Amino acid sequence: MFFGLDHSDLQIYWWVIQSLLGGLLVFMFFVQGGQGLIDRLSSNEEEKSLLITCLGRKWELGFTTLVLFGGAAFAAFPLFYSTSFGGAYWVWLAILFCFIIQAVSYEYRKKEGNFLGTKTYEVFLKINGILGVFLIGVAVSTFFAGSAFRLDSQNFVVWEGEWRGLEQLKNPFNYLLGFALVFLSRILADSYFINAIDVDSIRHKARKDIVINTIFFLPFFVGFLAWICLKDGFGVGENGVVELIPYLYLQTFLHNPLILALLLLGVCGVLLGIYQSIKGVRGIFALGVGVVLAVMAVFLNVGLGESAFYPSSSDLQSSLTIANASSSYYTLSVMGYVSLIIPFVLAYIVYVWRAMDSKKLTSKDLQGHSY
């Protein structure tokens, strides 16, 4: 099956997988968004514990998706993995730190005798919920803005400057996606709480909060799309030479109807999910599908278009494409068979999700276990 495909077809296949995992990861950010809302949506300690317990049943899924995203990048596009994670390591260490303190917080927040105190672990959750998501948004923005690196003859990365990825914070355009993801994660969290918790006061506050976060989310998201569509893109010619091409990413959307359709369907799904959450309780499902499709469209644009998906702003010819950054034909083929288990994993996640949320959480559920 996979051994009968061309190498280029396998590279496309694995970039689609990578894009899907990216979409699922952003959807799972509802956990991070909820962590930033625990004080805003609660009126007392009992409601706060209920919100954290609701998130505590799902946080591992998001962490697992992040690991899968990184693992797929390592296996399918090792040169990208070594260049980004090995070069821009300060920003990735900051992201990793944000997720480590999240895991520690869920484990020890309610443990007897924890010397840091409950409030400290709640601050850790908020750091993960805001800073962790923001930094991931900045890191993904470098797919369009470029990074200050070059590769030597042995493909070892040489990073320009000492900040190792944190220099991207100097580019204000990278903030657009960072803030868009922060507010989107909060919209997802509000929608999830409305669906999962049967407490009228929390649902009422969550519905009001969705409106507020949508007002902030839309300008940043539209601004990000406008930025990538109007900026010069890192195009790859037939001879493999990388050069700056005006409106490249806009042209990719217009010349690939399927990618454009995914983006439009995703945006419609997000808007529908927001409306359903404000009016009812099941908006998280349309919202989740919309987020996955929209994020996939963005990844597919930069990876499958005639562009470098990890461009170098210091040396254009060091830019990475799915062709020069991928694993060998044999590796991609063998991994293709491994990827066939993904639908079963997704089915299991859906099954567990439905089992957990079949009964709406109430204050009575805190009598057993809370995080």
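## A buried aromatic pair

Phenylalanine 143 and phenylalanine 309 are both buried, where buried means under 20% relative accessible area, exposed means over 50% and partly exposed is anything in between (1.4 Å probe, protein chains only). A quick note on where this comes from: the model is predicted, so local features need pLDDT of at least 70 and side-chain atom pairs count only at pLDDT 80 or more, while totals for chains, interfaces and linings use all residues. Residues are numbered from 1 along each chain as its sequence is written, and side-chain values use heavy atoms, with hydrogens and water left out.

## Aromatic rings

Across the whole structure there are 39 aromatic pairs. To count, rings of Phe, Tyr and Trp (its six-membered ring) need centres within 6.5 Å; planes under 30 degrees apart are called stacked, over 60 edge-to-face, and the rest tilted. One of them joins phenylalanine 85 to tryptophan 92, a stacked pair at 4.4 Å centre to centre with 20 degrees between the planes. Phenylalanine 85 is partly exposed at 24% relative accessibility, whereas tryptophan 92 comes out as buried at 19%.

Back to the opening pair: phenylalanine 143 and phenylalanine 309 sit edge-to-face, 6.2 Å centre to centre and with 75 degrees between the planes. Phenylalanine 143 is in helix α7 (residues 118-145) and phenylalanine 309 is in the loop between α12 (283-304) and α13 (329-338), so this contact ties together parts that are 166 residues apart in sequence. Helices here are DSSP runs of H or I with at least four residues, strands are runs of E with at least two, and both are numbered from the N terminus. The two phenylalanines also belong to one aromatic cluster, along with Trp15, Phe69, Phe77, Phe80, Phe149, Trp159, Phe299 and Tyr310.

## Salt bridges

Side chains of opposite charge can pair when their charged atoms come close. The rule used here asks for a side-chain nitrogen of Lys or Arg within 4 Å of a carboxyl oxygen of Asp or Glu, and the count comes to nine salt bridges. Take aspartate 39 and lysine 126, which meet at 2.1 Å, N to O. Aspartate 39 lies in the loop between α2 (30-35) and α3 (45-56) and lysine 126 in helix α7, so the bridge ties together parts that are 87 residues apart in sequence. Both ends are partly exposed: aspartate 39 at 37% relative accessibility and lysine 126 at 25%. They also take part in a network of salt bridges with Glu45, Lys48, Arg109, Lys119 and Glu122.

Arginine 40 has a salt bridge too, with aspartate 209, and their closest N and O atoms are 2.3 Å apart. Aspartate 209 is in helix α9 (residues 200-230) while arginine 40 is in the loop between α2 and α3, so the pair ties together parts that are 169 residues apart in sequence. Aspartate 209 counts as buried at 2% relative accessibility, but arginine 40 is partly exposed at 46%. Then there is arginine 150 with glutamate 160, whose closest N and O atoms are 3.1 Å apart. Arginine 150 lies in strand β1 (residues 149-151) and glutamate 160 in the loop between β2 (157-159) and α8 (174-196), so here the linked parts are ten residues apart in sequence. Arginine 150 is partly exposed at 38%, as is glutamate 160 at 33%.

## A nonpolar patch

Tyr89, Trp90, Leu93, Leu96, Ile100, Val104 and Tyr108 make a nonpolar surface patch of about 620 Å². Patch members need over 30% relative accessible area and no salt bridge; nonpolar side chains (Val, Leu, Ile, Met, Phe, Trp, Tyr) are joined within 5 Å, and like charges within 9 Å. Areas come from the Shrake-Rupley method with a 1.4 Å probe, and for residues only the protein chains shown count as cover. Leucine 96 is found in helix α6 (residues 89-108) and is partly exposed, at 43% relative accessibility.

## Cysteines

How many disulfides does a search of the whole structure find? It finds zero, with a disulfide being a pair of cysteine sulfur atoms within 2.5 Å. For cysteine 268, the nearest cysteine sulfur is that of cysteine 229, 16 Å away. Cysteine 98 is buried, with a relative accessible area of 1%.

## Overall build

The protein has 14 helices and four strands. Its radius of gyration is 21 Å, close to the 21 Å that the globule rule gives for 371 residues, so it is as compact as a globular protein of that length. That radius is taken over C-alpha atoms, and the rule is 2.2 Å times the number of residues to the power 0.38. Along the principal axes, the C-alpha atoms fill a box of roughly 65 × 45 × 40 Å. Buried residues account for 52% of the 371 residues.
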